[in-house]
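This report describes how the parts of one protein model pack together. It begins with aromatic rings and then turns to the nonpolar cores and the chain as a whole.

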Amino acid sequence: MNARLRSAAAAAGLGLSIAVRGALAQAPSTGSGQAYPVKPVRIIVPTSPGGGNDFVARTAGQGLSDRLGQQFIIDNRPGAGGSIGTAIVAKAAPDGYTLLLGFVGQLAMYSHVEKTEYDPQRDFIGISLLASSYHVMAVHPSLPVRSVKELIAFAKAHPGELHYSSGNIWTPTHLVPELFNAATGIRLVPIHYKGSGPSVIGVLTGETQVIMSSVTAVMPHVRSKRLVALAVTSPKRTPVAPEVPTLVELGVRGVEAPSWYAIVAPAATPRPIVDKLHSELAALSTQPDFQSLFRKQALEPTSKTPEEFAVFLRGENEKWSKIVKAIKAQ
């Protein structure tokens, strides 16, 4: 765009008009004078394919590709609670061509229990919050329970014998069931996998008996009768599965912590590029087709400016730091 504007002005034998100079000043630059983006952009997803993180990244990436005319390529880098992929982005060149699908696990939970190669609040700048969601509690059909009350009774009668699938240690699929343990006085034991996709396979094969994971990951298997849904962790029933009661309805409180997803970049990424990406994602979040795709997966689309996200992230870190300390103390 900048080159075309300059060529047009030169051909007319005129200096750049005020309007053209304004457009050139506002266009995010790659450092070579070209408008961003001029090549494919990589979005690292620090979990395995097939879960909620992957779905959000691919949906947002496709939307950005359509709007900006460049490929936004999804690169799954699972492991260590999401910290491996996250560290890659923290160390990447801050040029707008390596982004991160950030989620509550690796940006607000994991660093409170394990030493990481990044600081969630120092090493990243938020482009935008994308969506929030809650969890579905489901069990393998072979487990002789069909309600939360029956699950609690069975767990108390068989202490330490029931296992739940964790997408990775110190992530929502680990900590939300631990909140359930604390709220009910039972002890479901975690088995940790490298991502939500493998964790679902764990319960489908009967290696574990219980899972609390995203609607995206769990409900297709509930619909196919391979899992049995017992409850959702949202404050009210989800339109995606209105027949499934909430834990609050069933008298279990304190497990309503939501998951959230965001696009972030290395902290030193030029502000014009950050603002460009934020503007496009904010516009996407208002599009009916984009909203429909998210809501079909029980994801609520949203948006926050970089400044709003920084405040939000600080609050999330404070909240989960207290929860992690309490769980470790138990």
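## Aromatic pairs

The structure holds seven aromatic pairs. Rings of Phe, Tyr and Trp (its six-membered ring) count as a pair if their centres lie within 6.5 Å; planes under 30 degrees apart are stacked, over 60 edge-to-face, and the rest tilted. Tyr118 and Phe124 make an edge-to-face pair, because their ring centres are 6.0 Å apart and their planes meet at 70°. Tyr118 and Phe124 are both buried, where buried means under 20% relative accessible area, exposed over 50%, and partly exposed in between (1.4 Å probe, protein chains only).

Phe309 and Phe312 form a tilted pair, with 6.1 Å from centre to centre and 40° between the planes. Both lie in helix α12, three residues apart, about one turn of the helix. Phe309 has 3% relative accessibility and so counts as buried, whereas Phe312, at 22%, counts as partly exposed. One aromatic cluster is formed by Phe55, Phe290 and Phe294.

## How the model is read

This is a predicted model, in which local features need pLDDT of at least 70 and side-chain atom pairs count only at pLDDT 80 or more, while totals for chains, interfaces and linings use all residues. Residues are numbered from 1 along each chain as its sequence is written, and side-chain values use heavy atoms, with hydrogens and water left out.

## Nonpolar cores

A nonpolar core is a set of buried Ala, Val, Leu, Ile, Met, Phe, Trp, Tyr and Cys residues joined through side-chain atoms within 4.5 Å. The largest one has 48 residues, and Val148, Leu151, Phe180, Trp260 and Trp320 touch the most other members. Helix α12 (residues 306–329) gives the largest share of this core, six residues. A second, separate core of 31 residues includes Val41, Ala265, Val274 and Phe290.

Which residues does Trp260 touch, not counting residues up to four places away in sequence? Among them are Phe103, Leu129, Phe309 and Phe312. A contact here means heavy atoms within 4.5 Å.

## The whole chain

The protein chain has 12 helices and 11 strands. These are DSSP runs numbered from the N terminus: helices are H or I, at least four residues, and strands are E, at least two. Of the 330 residues in the chain, 55% are buried. Among contacts with a separation of 6 or more, 75% join residues 24 or more positions apart.
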